[in-house]
Amino acid sequence: MDETEFWELVDASREAAEGDPEEQADLLVDRLLQLDPELVLDFARHFEARYNRAYTWDLWGAAWVLLDGASDDAFDFFRCWLIGQGREVYEGAVHDPDSLADLIDDFDEEIDGDGEELGFAADEAYEQLTGAVAADLGIPPAPAEPTGTPLDLENEALLAERYPKLWERFRG
């Protein structure tokens with residue numbers, strides 16, 4: 001599975017779920033069940049690589065503004081949700097986290113920002129297909145700490161300055 005096929009699966013499941021991350025995860029599992037187990041592992045590798053790439057202080061700050069606070073777990077789930085938004089939103093946010101203010105249309109605090117189930121979709125599909133837990137994906141491990149310069153996530157003035165568009169749209 002190449003990168004384009006990965007994003008096509010993500011996009012098709014998001015569109016069919018009409019943006020609901022839990023429904024998207026269920027639909028993604030259904031779509032992955034139609035594939036060979038090795039392709040499911042390829043999907044998992046693509047997902048995990050993007051999940052690890054998004055482990056940055058800059059994105060954590062953006063998630064903090066968007067979600068009005070983001071614990072370690074909430075930031076993990078946010079990164080899964082971000083991948084679930086598709087290539088354009090993901091790449092835009094990784095490049096410029098404040099651009100999320102322009103990249104996401106509607107944001108429902110009740111369901112958006114938490115894509116925990118998306119993070120397990122490939123594992124669930126692989127286990128259903130093979131009856132076994134997926135082996136090590138063979139990709140570099142996640143960094144122990146977010147990359148980039150640490151932020152004081154409790155400093156609202158700093159966050160408002162660093163993420164002016166997100167702050168104005170979601171906290172202003």
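Let's start with helix α6, which spans residues 87-95: its buried residues are Val89, Tyr90, Gly92 and Ala93. Keep in mind that this is a predicted model. What sits over those buried residues? The cover includes α1 (3-16), α3 (37-53), α4 (57-67), α5 (72-84) and α7 (100-103).

Is Gln85 buried or exposed? Gln85 has a relative accessible area of 15%, and anything under 20% counts as buried, so Gln85 is buried.

Now for a pair of helices. Two packed helices are described by the angle between their axes and the distance between the axes. Here is how that works out for α2 (residues 21-32) and α8 (residues 121-130):

| Feature of α2 and α8 | Value |
|---|---|
| Distance between axes | within 9 Å |
| Crossing angle | roughly 40 degrees |

With that angle, α2 and α8 are oblique to each other, and α2 passes α8 in a right-handed crossing. Which residues meet there? From α2 come Ala25, Leu28, Val29 and Leu32, and from α8 come Ala121, Ala122, Glu124, Ala125, Gln128 and Leu129. Sorted by class, that contact has eight nonpolar residues, one polar and one charged.

One last link ties the two parts of this tour together.

How values were computed: Residues numbered from 1 in each chain as written. Predicted model: local features only at pLDDT ≥ 70, side-chain atom pairs only at ≥ 80, totals over all residues. Heavy atoms only, no water. Buried < 20%, exposed > 50% of the residue type's maximum accessible area, 1.4 Å probe, protein only. Helix = DSSP H or I, 4+ residues; strand = E, 2+ residues; numbered from the N terminus. Contact = heavy atoms within 4.5 Å. Axes fitted to C-alpha atoms, helices over the stretch in contact; angles between N-to-C directions. Parallel < 35°, antiparallel > 145°, perpendicular 65-115°, else oblique. Left-handed = near helix turned anticlockwise from the far one by under 90°. Nonpolar A, V, L, I, M, F, W, Y, C, P; charged D, E, K, R; others polar.
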